[in-house]
Amino acid sequence: MILTRLATAWALFQGLLIEALPFLLIGVLISAGARWFAPGGRWLRRLPSHPLLGPLTGAALGFALPACECGNVPVARRMLSGGAPLGAGLGFLFAAPVLNPIVIASTWAAFPDQPWLLLARPLGAVLVAVALALLLGLVPEALLLQADLLAERRLHQPLAAVGLLERSSGLVGAPPASALSAEVAPVRPPLAELMKHASQEFLYLALLLVMGSVIAALVQSFVPRSWLLAVGGAPTLSILALMLLALVVSVCSSVDAFLALSFAAQVTPGALLAFLLLGPVIDLKLVSLLGLLFRPRGLVLTTAGAALMVLLIGQWVNLWRL
Amino acid sequence: MTPPLLQRAALWRAASLGLWALVMLYSSVDGRLDLLLRAVFHPLVALAGLLLLLVALLQLRLAFGPGRQERGDRRQARTLLLTAAIALLVLLLPPAPSFADLAGQRPRDETAESELSFVLPPAQRSLTDWVRLLRSQPDPKLFAGDPVRISGFVLPMEGEPPQLARLLVRCCLADASPVGLPVHWPAGQAPFPADQWLAIDGVMGLGPAPGGGERLEVVPSRIRPIPRPARPLEP
């Protein structure tokens with residue numbers, strides 16, 4: 001019995017992993033492409049740092065990246081390490097998995113008879129992303145971001161904003177005005193270097209994805225899903241149950257709408273939306289990938305903040321639609 | 001020519017990437033993907049495999065070509081070794097899931113089929129077609145006596161005889177949800193083990209529903225054990 005279940009878990013693991021790896025590769029290639037076409041990433045630092053405009057701009061960038069959340073992580077990491085304002089980077093990380101053409105099209109394909117969902121999903125994703133960016137923005141970057149990401153990020157931030165001690169290299173004193181205007185053009189990395197970096201990044205992320213997929217597959221095989229769907233009709237419980245399901249199932253945002261379709265008839269509309277909003281932000285498979293960006297405190301805050309926002313949105317939708 | 005000592009990192013990277021490329025490409029040809037993923041994703045996996053192979057070859061060239069020497073660190077070496085080992089494990093241990101075990105854990109697929117564009121003649125309907133049709137036309141008397149030719153796996157049910165079932169998959173095995181048809185198993189027939197694939201010819205008949213009332217069930221005239229089909233998952 002236990003062997004049968006382990007064999008099933010092994011198959012689930014392979015399914016989750018092989019489905020996600022192509023999207024991870026797309027993300028890594030886009031991140032490498034950005035390093036090649038815009039070395040130094042000066043455009044990243046020009047993104048707005050306004051607490052509201054920043055996350056909104058980041059979220060809007062999602063339209064340029066037709067990948068789901070696994071592919072998103074390397075791109076968001078590249079944005080943050082390149083010195084993009086924290087809000088813009090986080091807005092992209094949290095909203096882009098929903099705010100992209102493929103995900104919107106798949107949501108529409110799965111629920112052509114529920115136009116409200118087509119509007120509520122992107123809108124909800126932006127709300128969650130802005131709230132999370134505001135929340136995480138309260139924490140000092142040094143306590144929020146992983147050490148190696150922070151070190152890379154400091155190098156790309158202007159000294160005036162960071163301080164020499166934090167950056168641990170650079171010139172003392174304000175740079176002369178002339179030097180500011182004639183900033184040295186960043187050097188395009190050699191192709192071999194770029195390839196090495198991308199390969200290393202892909203393999204490291206793949207390892208994290210493996211860990212996440214193992215956990216997701218084990219939880220899926222040993223916790224009967226009917227436990228979660230048993231409370232389908234109760235307004236608040238159904239939202240909580242589907243949020244838990246989104247955490248466990250860990251499928252990509254580009255296909256989760258089709259999965260939601262299979263139980264849409266059994267749950268409240270708020271719970272359905274909660275499933276479609278929480279999964280792209282956080283799930284078991286993503287936790288280890290997000291660990292590449294955040295320290296544990298950031299991960300806990302992200303999970304708690306996203307869960308609270310999604311619960312509130314779900315409740316509101318249930319008040320409106322039930 | 002042996003590569004310089006410090007270029008070994010590039011060699012390991014090439015090997016690790018090559019193994020992952022092999023996982024993707026080999027899965028695309030050995031039928032494994034049919035068991036794990038919905039067909040629309042298969043070309044994506046093959047394409048990713050090809051891209052990875054290309055990157056691995058370029059890394060290999062780097063390992064043997066002239067270039068700056070690399071200082072590898074411990075974490076990097078661990079990552080390379082671990083990913084290579086996992087890729088090898090995935091390659092060597094193909095998936096062998098128990099569909100009945102998986103289906104037993106999942107709630108039934110309840111997709112409401114609002115529009116049936118056309119209805120196949122009874123003998124050509126698959127198990128999934130039948131389930132969807134019965135859901136959209138819940139009056140069981142409409143179909144009693146229709147011929148049935150279906151295949152599926154044996155799914156044990158709690159408190160009733162086993163059903164013949166299929167798994168519906170929207171993305172990958174992780175989101176599989178079962179659909180099943182009740183079968184009126186012939187008296188005296190030794191029960192088939194869970195997961196056994198069967199092809200059943202017969203007719204639709206009326207039988208007692210567990211909650212009272214009547215429901216349609218397959219009354220077999222011929223039951224043949226078959227191997228698992230090459231494409232066991234249905235969209």
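1. A definition to start with: two residues are in contact if their C-beta atoms, placed from the backbone, lie within 7 Å. With that in hand, look at chain A: residues 24 or more positions apart account for 86% of its contacts with a separation of 6 or more. Chain A has 19 helices and zero strands. Of its 322 residues, 52% count as buried.

2. Before you go further, keep in mind that this is a predicted model. How does the model score on ipTM and pTM? The values are ipTM 0.90 and pTM 0.81. Chain A has a mean pLDDT of 83, with 89% of its residues at 70 or more. For chain B the mean pLDDT is 86, and 90% of its residues reach 70 or more.

3. Two stretches call for some caution. In chain A, pLDDT stays under 50 over residues 170–183, and the model has four contacts beyond four places in sequence for them. In chain B, residues 1–6 also stay under 50, and here the model has nine such contacts. Where pLDDT is low, the predicted coordinates should not be read in detail.

4. Now for where the two chains meet. The contact takes 42 residues from chain A and 48 residues from chain B. On the chain B side, helices H1 (8–29), H3 (42–64), H4 (74–92) and H5 (99–105) each supply at least two residues. Which of them gives the largest share? That would be H3(B), with nine residues. Sorted by class, the side of chain B that touches chain A has 30 nonpolar, eleven polar and seven charged residues.

5. Leaving aside neighbours within four places in sequence, A:Thr4 is in contact with B:Ser98 and B:Asp101. Is A:Thr4 buried or partly exposed? It has 17 C-beta neighbours inside 10 Å, so it counts as partly exposed; buried would take 20 or more.

6. Next, the largest nonpolar core, which has 162 residues. A:Leu24, A:Leu242 and A:Leu278 touch the most other members. Helix H1 (residues 2–37) of chain A gives the most to this core, with 16 residues. Domain 1 (5–96) and domain 2 (100–234) of chain B both contribute residues as well, so the core lies between them.

7. Six residues of domain 1 are in contact with nine residues of domain 2. On the domain 1 side, the residues divide into three nonpolar, one polar and two charged.

8. Where does A:Leu65 sit? Its place is in the loop between helix H3 (53–60) and helix H4 (69–81) of chain A. A:Leu65 is buried, with 21 other C-beta atoms within 10 Å. Beyond four places in sequence, its contacts are A:Ile30, A:Asn72, A:Val75, A:Ala96 and A:Asn100. A:Trp320 is 255 residues away along the chain, and the C-alpha atoms of A:Leu65 and A:Trp320 are separated by 32 Å.

9. Over in chain B there are strands to look at. Strand S2 (residues 160–168) and S3(B) run antiparallel, joined by six bridges. One pair to find is B:Leu167 with its bridge partner in S3(B), B:Pro178. Why is strand S3 (residues 177–182) largely enclosed by the rest of the structure? Because five of its six residues are buried.

10. Last, a backbone detail. Most residues other than glycine have a negative phi. B:Asp195 is not a glycine, yet it has a positive phi of about 80°. This residue lies in the loop between S3 and strand S4 (197–208) of chain B. With 18 C-beta neighbours inside 10 Å, B:Asp195 counts as partly exposed.

Notes:
Residues are numbered from 1 along each chain as its sequence is written. Chains are lettered from A and ligands numbered from 1 in the order in which they are written. This is a predicted model: local features need pLDDT of at least 70, side-chain atom pairs count only at pLDDT 80 or more; totals for chains, interfaces and linings use all residues. A residue is buried if 20 or more other C-beta atoms lie within 10 Å of its own, exposed if 12 or fewer, and partly exposed in between; C-beta atoms are placed from the backbone. Helices (H or I, at least four residues) and strands (E, at least two) are DSSP runs, numbered from the N terminus. Two strands pair if DSSP finds at least two bridges between them. A nonpolar core is a set of buried Ala, Val, Leu, Ile, Met, Phe, Trp, Tyr and Cys residues joined through C-beta atoms within 7 Å. Domain bounds come from an automatic or database domain assignment. Ala, Val, Leu, Ile, Met, Phe, Trp, Tyr, Cys and Pro count as nonpolar, Asp, Glu, Lys and Arg as charged, and the others, Gly among them, as polar. pLDDT is the predictor's confidence in each residue, from 0 to 100.
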